[in-house]
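Dear colleague,

I am handing over the structure below, and my notes on what was found in it follow directly after.

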Amino acid sequence: MSSNKLKIAIGADHAGYEYKEVLKDFLAPNYEVKDFGTHSTASVDYPDFAHPVASAVENKEFDFGILICGSANGVAITANKHQHIRAAICWENEIAALARQHNNANIICIPARFVSTYLAKEMTTTFLTTAFEGGRHENRVNKISC
């Protein structure tokens with residue numbers, strides 16, 4: 001995988017598996033996407049996939065991450081344990097835009113049980129193409145890590 005395309009790390013638990021597969025296919029023409037699992041709808045533990053995605057983004061191996069589970073809470077809580085991760089739960093397109101513009105979020109967390117695949121694709125596109133505004137938000141974002 002060597003090109004000028006943004007690198008995206010993606011992972012999901014069993015509840016997010018089908019959305020992960022849809023998003024991988026949707027993103028493949030324009031992004032380099034690495035699938036960190038899961039690879040079926042068999043029950044799994046979301047931290048087993050959220051931690052590797054968060055680590056890959058935190059270590060700058062990937063530009064952004066996408067995590068999907070039923071509510072998005074489990075993967076967001078897990079990813080946000082990483083010092084330089086700002087994982088945002090998004091359920092509307094405007095939330096995805098604001099997560100990037102105001103919070104410089106680097107992982108979008110999608111609640112598969114509460115949004116359509118259409119909305120998941122729309123939010124992901126918005127998230128990946130929206131720039132951080134900086135300015136007054138930069139100071140706030142710099143205060144997040146502890």
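How many salt bridges does a search of the whole structure find? The search finds 4, and I would ask you to keep in mind throughout that this is a predicted model.

Lys 20 forms a salt bridge with Asp 35, with the closest N and O atoms 2.7 Å apart. Because Lys 20 lies in helix H1 (residues 17-27) and Asp 35 in strand E2 (residues 32-35), this pair ties together parts that are 15 residues apart in sequence. Both Lys 20 and Asp 35 are buried, and for Lys 20 the relative accessible area is 0%. Lys 20 also forms a salt bridge with Glu 21, where the closest N and O atoms are again 2.7 Å apart, although Glu 21 itself is partly exposed, with a relative accessible area of 23%. Glu 21 in turn pairs with Lys 24, the closest N and O atoms being 3.2 Å apart; these two residues are 3 apart in helix H1, which means that about one helical turn separates them. Lys 24 is partly exposed, at a relative accessible area of 21%. Through shared partners, the salt bridges join Lys 20, Glu 21, Lys 24 and Asp 35 into one network.

Arg 86 deserves a separate paragraph. Arg 86 sits in the loop between helix H3 (73-79) and strand E4 (87-89), and it is buried yet has no salt bridge, the nearest side chain of opposite charge being that of Glu 138, 8.7 Å away. What the side chain of Arg 86 does reach is the backbone oxygen of Asn 104, at 2.8 Å, while the backbone oxygen of Asn 103 lies 3.2 Å from a polar atom of that side chain. Leaving aside residues up to four places away in sequence, Arg 86 touches several others, among them Asn 80, Ile 107, Val 141 and Ile 144.

As for the chain as a whole, it contains 6 helices and 5 strands, which run β-α-β-α-β-α-β-α-β-α-α from the N terminus on. The radius of gyration is 14 Å, which agrees with the value near 15 Å that a compact globule of 146 residues would have. Of the 146 residues, 47% count as buried, and the chain exposes about 7400 Å², of which carbon and sulfur atoms supply 49%. Among contacts between residues at least 6 apart in sequence, 68% join residues at least 24 apart.

With kind regards

Notes. Residues are numbered from 1 along each chain as its sequence is written. This is a predicted model: local features need pLDDT of at least 70, side-chain atom pairs count only at pLDDT 80 or more; totals for chains, interfaces and linings use all residues. Side-chain values use heavy atoms; hydrogens and water are left out. Helices (H or I, at least four residues) and strands (E, at least two) are DSSP runs, numbered from the N terminus. Buried means under 20% relative accessible area, exposed over 50%, partly exposed in between (1.4 Å probe, protein chains only). Lys and Arg count as positive and Asp and Glu as negative; His and the chain ends are not counted. A polar contact is a pair of N or O atoms within 3.5 Å; within protein, one must be able to donate a hydrogen and the other to accept it, and residues adjacent in sequence count only if both atoms are side-chain atoms. Contact means heavy atoms within 4.5 Å. The radius of gyration is taken over C-alpha atoms; the globule rule is 2.2 Å times the number of residues to the power 0.38. Accessible areas come from the Shrake-Rupley method with a 1.4 Å probe; for residues, only the protein chains shown count as cover.
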